[in-house]
Amino acid sequence: MAQEGNLLNYPVWFRLVRVRRIKKNMDMRPLIGVAAIVIKDKKVLLGKRKNAHGAGTWAFPGGHLEFNESIEACAKREVFEETGIHIKNIRYRTFTNDIFRKDQKHYVTLFVISEYDDGDLELKEPEKCEKWDWFYWNDLPEPKFLPLENLLKQNFMPDGDCEKR
């Protein structure tokens, strides 16, 4: 009987399959996303996603953290690229572990809170987002993007930066 854990005790075909599976899993690592909770007039900014995982759901502006990029720079860049607005007073808050089983994607999403600074809200990436709108924290639209759902499961509140309606 083969000892568990020692691949040399298994047939060659089994070892090849196992090694390929291990390599595939090593290549599939979680990605890092940054979500910016932008606050203006006690409301938060959400966009309705399209043409990507989570299409049809509402999410904060954000995206992938680039190599050698700070979390603050990523939040500023993504918010401006997607909405045309500038943010200020960026503060770290929390993170979520988001596994999109259907899409075979895995993200760790870092959440920051920021305040609207200036600029006109516009739809700068219409191929990725249907629309942007401002919402009270206790009146967020459905359906929510998985990282937002997971954030709410933590009973996260924006620490008095937002008000209930």
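The charged end of Arg 49 sits over the ring of Phe 145, at 4.0 Å from the ring centre, where a charge counts as sitting over a ring if NZ of Lys or CZ of Arg is within 6 Å of the ring centre and within 35 degrees of the ring normal. Lys 124 likewise lies over the face of Phe 80, 3.8 Å from the centre of that ring.

This is a predicted model, in which local features need pLDDT of at least 70 and side-chain atom pairs count only at pLDDT 80 or more, while totals for chains, interfaces and linings use all residues. Residues are numbered from 1 along each chain as its sequence is written, and side-chain values use heavy atoms, with hydrogens and water left out.

**Aromatic pairs**

Rings of Phe, Tyr and Trp (its six-membered ring) pair if their centres lie within 6.5 Å, and planes under 30 degrees apart count as stacked, over 60 as edge-to-face and the rest as tilted; by this rule there are six aromatic pairs. The rings of Phe 60 and Phe 111 are edge-to-face, because their planes stand at 85° with the centres 6.3 Å apart. Phe 60 lies in the loop between β3 (58-59) and β4 (62-64) and Phe 111 in strand β6, so this pair ties together parts that are 51 residues apart in sequence; strands here are DSSP runs (E, at least two residues) and helices are runs of H or I with at least four, numbered from the N terminus. Phe 60 and Trp 137 have ring centres 6.4 Å apart and planes at 10°, so they are stacked. Trp 137 belongs to the loop between β7 (129-135) and α3 (146-153), 77 residues from Phe 60. Both Phe 60 and Phe 111 are buried, as are both Phe 60 and Trp 137, buried being under 20% relative accessible area, exposed over 50% and partly exposed in between (1.4 Å probe, protein chains only). Together with Phe 156, the residues Phe 60, Phe 111 and Trp 137 form one aromatic cluster.

Strand β6 (residues 105-118) pairs in the parallel sense with β1 (residues 31-40) over nine bridges, and twelve bridges join β6 to the antiparallel strand β5 (residues 86-100); two strands pair if DSSP finds at least two bridges between them. Val 38 stands opposite Ser 114 in β6, and Tyr 92 opposite Val 112 in β6. Four residues separate the strands in the hairpin of β5 and β6, where Gln 104 takes a positive phi near 50°.

Thr 109, also in β6, is buried at 6% relative accessibility. Beyond its neighbours within four places in sequence, Thr 109 is in contact (heavy atoms within 4.5 Å) with residues including Gly 33, Thr 94, Asp 98 and Pro 147.

**Salt bridges**

A salt bridge is a side-chain nitrogen of Lys or Arg within 4 Å of a carboxyl oxygen of Asp or Glu, and the count by this rule comes to six.

| Arg 77 | Glu 69 | 2.7 Å |

Salt bridges that share partners join Glu 69, Arg 77, Glu 78 and Glu 81 into one network. Arg 77 is partly exposed at 23% relative accessible area, whereas Glu 69 is buried at 19% and Glu 78 is buried at 8%.
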